[in-house]
Amino acid sequence: MTDKYAVIGNPISHSKSPLIHSLFAAQTGQDMSYEAIEAPLDGFAATIQRLRSEGYKGCNVTVPFKFEAYQLCDELAPRARDAKAVNTIVFRDGKILGTNTDGAGLLNDIQNNLGVKLMWKDALLLGAGGAAAGVLWPLFNAGIGIDIANRTIEKAQLLADEFKGSGTVYARRYDELAGRKYDLVINATSSGLKDDLPPLPDGLFKPGALAYDMMYGRETPFMAYARKQGAALVADGLGMLVEQAADAFLLWRGVRPDTRPVLEKLRT
Ligand code: ATR
């Protein structure tokens with residue numbers, strides 16, 4: 001029998017996950033289906049229960065349900081606990097198991113696909129919402145210094161407080177950034193959705209720096225700013241999407257697909 005999987009979000013019609021997982025399944029010879037399901041904003045838990053009762057093996061969770069999924073799961077992997085968010089669910093023995101592959105997805109894309117080494121580098125993380133929180137611990141564990149900038153400084157401070165005493169994670173106001181320089185600047189704000197740009201000063205990028213926007217699908221104002229400011233590498237979040245999917249696939253199917261041909265296909 002074909003094993004069933006899905007991604008749940010709202011909205012979901014533009015999701016590339018069904019295409020990515022069907023390419024993974026073809027590449028690895030796995031008998032499975034993967035569909036996109038739009039849950040009503042007040043109907044996430046009911047949708048999860050339905051999938052479970054219909055024998056689905058697992059699902060991905062995307063905006064805006066990752067925190068609700070974190071609260072709903074019977075058991076959480078450490079990565080989900082750190083992120084306070086769940087993007088991957090496994091239904092096993094009547095239980096809902098949750099993990100989070102977003103942070104590993106970002107690191108795999110930066111280090112393996114883009115070839116940028118992170119150890120000892122200085123990073124600036126823009127934003128302090130769910131997307132930023134989801135990647136903060138994996139970035140910290142990669143051995144880099146992290147400044148978190150956010151309009152609402154209290155939210156950045158709350159995230160930074162999780163690393164109190166480490167001496168490597170600090171909250172910064174945007175107007176404190178002038179004169180600072182980074183090897184890596186990651187846009188984890190939702191500003192691109194509104195074709196907007198956080199209030200960034202000139203001269204943020206060190207020589208060889210990577211500018212990374214976690215959004216994908218089009219050139220964002222942040223990416224345009226980074227090119228103009230001379231960032232050596234400018235990337236969107238498509239690679240992160242494919243890498244987080246590959247880790248979910250590995251968890252469900254026991255085999256990690258080769259992401260490179262899939263990423264190449266999506267880019268064309
Ligand atoms: P997500 O789950 O995508 O992170 P979120 O939790 O609503 O969504 O967080 C959105 C983030 O983008 C926040 O850090 C927000 O800043 P504030 O906390 O100050 O609101 C940030 N953001 C959204 N629009 C922005 C803009 N135009 N400029 C700068 N930051 C923006």
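Visitor: Which residues come nearest to the ligand?
Guide: In this predicted model, there are 15 residues around the ligand, and those that come nearest are Ala 128, Asn 150, Arg 151, Thr 152 and Lys 155.

Visitor: How far is the ligand from Ala 128 and from Thr 152?
Guide: A polar backbone atom of Ala 128 lies 2.9 Å from an oxygen atom of the ligand, while for Thr 152 an N or O atom in the side chain is 2.6 Å from an oxygen atom of the ligand.

Visitor: How much of the ligand gets buried by the protein?
Guide: The protein buries 76% of the 650 Å² that the ligand exposes when it is taken alone.

Visitor: What classes of residue make up the shell?
Guide: The shell around the ligand is made of eight polar residues, four charged residues and three nonpolar residues.

Visitor: Switching to the sheet, what order do the strands have?
Guide: The six strands form an open sheet with parallel pairing, in the order S9-S8-S7-S10-S11-S12, and from one strand to the next the twist averages 15 degrees.

Visitor: Why do S9 and S12 each have a side without a neighbour?
Guide: Strand S9 (169–172) and strand S12 (233–235) stand at the edges of the sheet and each has a single partner strand, so one side of each is left without a neighbour there.

Key: Residues numbered from 1 in each chain as written. Predicted model: local features only at pLDDT ≥ 70, side-chain atom pairs only at ≥ 80, totals over all residues. Heavy atoms only, no water. Near = heavy atom within 4 Å. Polar contact = N/O pair within 3.5 Å; in protein donor to acceptor, adjacent residues only side chain to side chain. Areas by Shrake-Rupley, 256 points an atom, 1.4 Å probe, with all protein chains shown as cover. Nonpolar A, V, L, I, M, F, W, Y, C, P; charged D, E, K, R; others polar. Pairing = 2+ DSSP bridges. Helix = DSSP H or I, 4+ residues; strand = E, 2+ residues; numbered from the N terminus. Axes fitted to C-alpha atoms, helices over the stretch in contact; angles between N-to-C directions.
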